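I opened this entry to keep track of what I looked up. My notes follow the display.

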Amino acid sequence: MFVVLLALVMLPMNVQAQDAETSPILKLIQKGRIDGVRLKYPDALQYVYKENNYQPLFVKGERRDFNRVNEFYEIFLDSWVHGFNPGRYNTPALYDFLRKDKSDITDEERLKTDIILSDAIIRYGRNLTGGRVSAKSVGLHKSSVKQGAVPENILAFVSSSRSPHRALQSFAPQGKFYQTLQNELIRLYQNPDANVKPIRVGRIIKPRTSHSAIPKIRERLGLSDSDLAHEATFYDDALSGAVVAFQNANGLEPDGVIGPSTMHVLNITNEQKIKQIIVNMERMRWQEEDKPPRYIMVNIPSETLWAVDRGRTEIQMPVVVGTPKRPTKSFVTNITGVRINPTWTIPPTIKKEDFVSKLKEDANYLQDRGIKLYHGKEPVDATLVDWTAAEEAGELGQFRMVQGSGSSNPLGKYRVIMNNPYNIYLHDTPKKSLFSRSNRALSSGCVRLQDAEAVVDFIMEKNDDWSEEKKQNILAKGKLREVYNEEPLPVYLQYQTMWLGDSDNLVFGRDIYKEDAILFSQLKKQGDIYLPEDRGI
């Protein structure tokens, strides 16, 4: 909503413009540094102040000056509730202004404070709308990281508002998930760890067995020892119920078995949770809040797909995503159609790392699997190719390996057509047993669907000529056929290691590709991280 408003902001032009050469505000901005404060957005400051006839925007020599500055100062001090570092918003300089005797403030000091405050407002607005890291610094495609609102527009919008401090706060995401993350961050900041130490188990613990770690696990889950019917190290029914409830609340397989995944979540400290919330809030600010009426979303760490129509989840299903070695990338694109009875052209990475090594051992490897080999457009006998020489000469890219449609095809019956820089797509799979696993990071990068047919029907349901009969007729022929949807459907592949559970509880998921760690490290390197121990909160 605010992006539209920013485009419409016009600053007042009813005052005769000052001569730029004699404007004290312009001279201060051009210095680039005011009393030790380096201005981060001098060009934006010059533009907005020029449009405002080089008049102060907030500190105008009025009785409300101190209250106005203090409102922003308090917002900046509380910026940690967004995972920000309050020290990044010129708070020391603003504090120096606020603690002075009002009668002793000079006109030059007012102008300096106005500029310093304006610069901080731009930075804060930028951070609330993205802009804290570059895509390159965290190893992502540039389209994956939003860089925030235009600096000039932020300052113009805030300064022209009847309630400037509320206008600044309106830049923050307003969705339920972001608000839940924020509330949990506040709770964790106010309840720091009391030297919580990890519980070591060393093996899987099943109900009605014994283990020396059971007393500590009971304590961690808040169970009393007063009702023990067995020895303290026995995994009894009461603990089993508590473990199942814990697993359910944290997106784990609710089997009551205490294994590595359950212990990982059980051992997460408040400080680790704070770090995970901070990076997930950061990613939320990279995304567009206002989604279209219909879309498909895949959250990679939760290994789940949702198909949404007018705010209602029509489909929710487990998916298989890429391994850490061959990760599924984050991006946004449009689904333009589906491929029925797809053939499979082996991707370059799989061809090089998997197939060529097998061909060196067995020249009939492709033929035994019904895979045809082409050099350009010409069919080639794989047994006549010297694969070692081709690899050493860098000629593997000239060969195409194509598996025809059929029950053994890894893409199953359907492949979704969605243009992207990674050649990643959603597709069916004959390996249905994989969807029952708790860890489904098992593919070579593409997203395998538990019920691909349901997804295809969702994609195509707006086509007037689409029907069950048409679909079955195409399938029965067994030949590749592409069908395009009349309305392009947005698809979001995102990396959020936290999400809302069935009871709207926050789930702390796994950082399967270590992207949380990379993002947190970059924010810390830039000085953008603020943790409870920094100020004793």
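**Aromatic pairs**

I looked up Phe72 to begin with: at 0% relative accessibility, Phe72 counts as buried (buried is under 20% relative accessible area, exposed over 50%, partly exposed in between, with a 1.4 Å probe and protein chains only). I note here that this is a predicted model, in which local features need pLDDT of at least 70 and side-chain atom pairs count only at pLDDT 80 or more, while totals for chains, interfaces and linings use all residues. Residues are numbered from 1 along each chain as its sequence is written, and side-chain values use heavy atoms, with hydrogens and water left out.

I then took Phe58, which at 1% relative accessibility also counts as buried. I counted 18 aromatic pairs, taking rings of Phe, Tyr and Trp (its six-membered ring) as paired if their centres lie within 6.5 Å, with planes under 30 degrees apart stacked, over 60 edge-to-face and the rest tilted. Phe58 lies in the loop between α3 (42–51) and α4 (65–77) and Phe72 in helix α4, so the pair ties together parts 14 residues apart in sequence. Helices (H or I, at least four residues) and strands (E, at least two) are DSSP runs, numbered from the N terminus.

I went on to Phe84 and Tyr124, whose ring centres are 5.9 Å apart with planes at 85°, so this pair is edge-to-face. Phe84 sits in the loop between α4 and α5 (91–98) and Tyr124 in helix α6 (residues 107–128), so parts 40 residues apart in sequence are tied together. Both Phe84 and Tyr124 are buried. Ring pairs link Phe58, Phe72, Phe76, Phe84, Tyr89 and Tyr124 into a cluster.

**Asp528**

I found Asp528 in the loop between α19 (515–525) and α20 (532–535). At 7% relative accessibility, Asp528 counts as buried. Leaving aside neighbours within four places in sequence, Asp528 is in contact (heavy atoms within 4.5 Å) with Gly83, Phe84, Asn85, Arg88, Arg132 and Leu523.

**Cores**

I looked for nonpolar cores, which are sets of buried Ala, Val, Leu, Ile, Met, Phe, Trp, Tyr and Cys residues joined through side-chain atoms within 4.5 Å. The largest has 57 residues, and Ile296, Leu305 and Trp387 have the most contacts inside it. Helix α17 (residues 452–460) gives the most to this core, with six residues. A second, separate core of 46 residues includes Val37, Ile121, Ala149 and Leu168. I also listed contacts of Trp387 beyond four places in sequence, among them Val356, Leu373 and Phe399.

**Charges over rings**

I checked for charges over rings (NZ of Lys or CZ of Arg within 6 Å of the ring centre and within 35 degrees of the ring normal). The charged end of Lys273 sits over the ring of Phe508, 5.3 Å from its centre. Arg400 lies over the face of Tyr374, at 4.9 Å from the ring centre.

**Positive phi**

Asp35 is not a glycine, yet has a positive phi of about 50°. I placed Asp35 in the loop between β1 (33–34) and β2 (37–38), and it is exposed, with a relative accessible area of 61%.

**Confidence**

Last, I read the pLDDT, the predictor's confidence in each residue, from 0 to 100. The protein chain averages 90, and 94% of the residues score at least 70. Over residues 1–16 pLDDT stays under 50. Where pLDDT is low, the predicted coordinates should not be read in detail.
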